[in-house]
Amino acid sequence: MAMTKDEMSSKLRGKLKVYDERLDERIDELKWLYIELYHNDWMFAELIGQMELFYGDRLDELKKSDRYREAHPDWYEKNDKLGMMLYIDNFAKNLRGVKKKLSYLEEAGVNVLHLMPFLDTVQGESDGGYAVKDFRTIRPDLGDMEDLSELTTACHKKDMCVCCDFVMNHTSDQHEWAVKARTGDGEYMSRYFFYENDEIPRQFDATVPQVFPVTAPGNFTWIPEVNHFVMTSFHPYQWDLNYRNPRVFNEMVYNFLYLANRGIDIIRIDAVPYIWKELGTTCRNLRQVHTIVRMLRLITEIVCPGVLLLGEVVMAPEKVVPYFGTVEKPECHMLYNVTTMASIWHTVATRDTRLLRRQLDTVAALPKEYIFLNYLRCHDDIGWGLDYGYLAEQGIEEVAHKKYLNDYFRGVAGYSNARGETYNDDPITGDARMCGTTASLCGIEKAGFEDDKEAMAKAIDLDVMLHAYMLMQSGIPILYSGDEIGQVNDYTYKEDPERAEDSRYLHRGKFHWELERKRNSAKSVEGRVFKRIRELEKIRTEHPAFLASADVWTVNTFDDSVLCVGRYQDGEKIFGVFNFSENDKTIWPGEEGAYRDMLTGSLTPMKEMNLKGYEFHLLREETT
């Protein structure tokens, strides 16, 4: 017998019981924030209605995962997570190709797969995929949404999480909204920042820093079709979205939930600090940004609580703290540890660990609930946003030091073996950023080119030591694809007219599967790097002292070239000792008791230690 309308409605409400409970718990705050920002009850009602529809469309397996993660909110704070960033086309041509390579990723220990931008864009004006043409269409050469869903399903069966980028600040100038705005349609022009003359743009320019002052100067672009300027903070083909318009917020939330329903576990919010614009300010880190991120967190907790928000906030750890929100009103689940990454490379070039030690002490003092993603290299350049106030106390001047760092990693200063290239050089300020793979910046490329076995051994030691330090940090370690086999720079980008001016493609090269096949060879560079990094990863997953909740501190070694880090959890105490110099060192950590090397199994005293160049130790206290 067919169900009556009332019976069908009752069954539907039964299925929505969990959703209703989540909504009831959060709707008052969500509505208060929304109305305070937009003063629009009708648009809020639309948002709530669409959220229920997206929940209804969510697959049962994803809802099951949501319930588990909701019941275990610290599921991502364990020490068993290891991520990898990769470009789909460079790694395996397309989404189906990535699916076929999951067994390799498993062997590498990867269980957090960060797929670099894959949504539809415009060839030649994509900014590496960050100029999105359509938020619900995959780039045709990479596959389609069905392929994405099949990949995420396959990953979930292997207990892998999938992360993707969500570009909130802007769209491509070929996005549907932008195309309609070019016709003079006021509804769509209002979704961006259009001005009929340069009066207001000049006022913005007086206080707003430029993102790319050399390659994309200015914050506005003239659009002749409508005789207006439009705000373009990043590139002329990336139009900034106007979040003062509630239609923009609602539609972007729907795009966010659409991706979540494709099985994405972690959504990386690109350029978070930029998404609210206010005349007379820097248009960075404004109060309304936090309102928007908090609303996004609440919406996620209602519709898809198994999904995590990862914020891209490029500032020092103590300054990014507001983007975590508070314990009572959290915002992002995780943030990038960008400044520590830059400080690591500063330490390599100076052989001086004091800045890095200061950075680690700062992070260690933050609440344990604050989870950082730690990495040595990513798809982007290395920006030298260091603590120059602290460095000035050591007599280091900012402009001169940035020049030294760039010269060092280009291999022309400081007895360097690195091979990198600068990006976005500013001839006025002398500022620039650095590009290159981990292996090339550590000297593996140079040693291989010169067929210098001794130099190669040193370069590999430095590469592995840096990975050991990264794994010693609290949070989630992230590899960049190719780093696990010591892949070097790819100079073929210079032959591509669309990429030749962007040196970031130096380290965005294709993954070399012919080299990956050497990963099990003890004589090959690939095998030596892969084996040693994999051993470190296994140690990290097996010991509670590597949990995010562990106590962390630094120890004075009486030699600025050597960093010593302690960790303690559940009765287990370990120390990591890292020599950032190519020279032999003797240090005096002064630790009593017996310590066993977690890699070799040998007993190693910690009152006085002798270290070879780039040598490191992971030491565990012996207990009776």
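Predicted model: local features only at pLDDT ≥ 70, side-chain atom pairs only at ≥ 80, totals over all residues.
Two strands count as paired if DSSP finds at least two bridges between them. Residues are numbered from 1 along each chain as its sequence is written. Local features need pLDDT of at least 70, side-chain atom pairs count only at pLDDT 80 or more, totals for chains, interfaces and linings use all residues, and side-chain values use heavy atoms, without hydrogens and water.

Strand β1 (residues 83-86) is covered on both faces, with Gly83 and Met85 on one side and Met84 and Leu86 on the other, all buried (under 20% relative accessible area, 1.4 Å probe, protein chains only). Strand β1 is joined to the parallel strand β2 (residues 112-115) by 4 bridges, and Met85 stands opposite His114. The parallel strand β17 (residues 476-480) is linked to β1 by 3 bridges; here Leu479 is the bridge partner of Met84.

The largest nonpolar core contains 185 residues. Such a core is a set of buried Ala, Val, Leu, Ile, Met, Phe, Trp, Tyr and Cys residues joined through side-chain atoms within 4.5 Å. Tyr243 and Trp345 touch the most other members. Contacts of Tyr243 (heavy atoms within 4.5 Å) include Tyr38, Met168 and Trp276, not counting residues up to four places away in sequence.

Technical notes
Buried < 20%, exposed > 50% of the residue type's maximum accessible area, 1.4 Å probe, protein only. Helix = DSSP H or I, 4+ residues; strand = E, 2+ residues; numbered from the N terminus.
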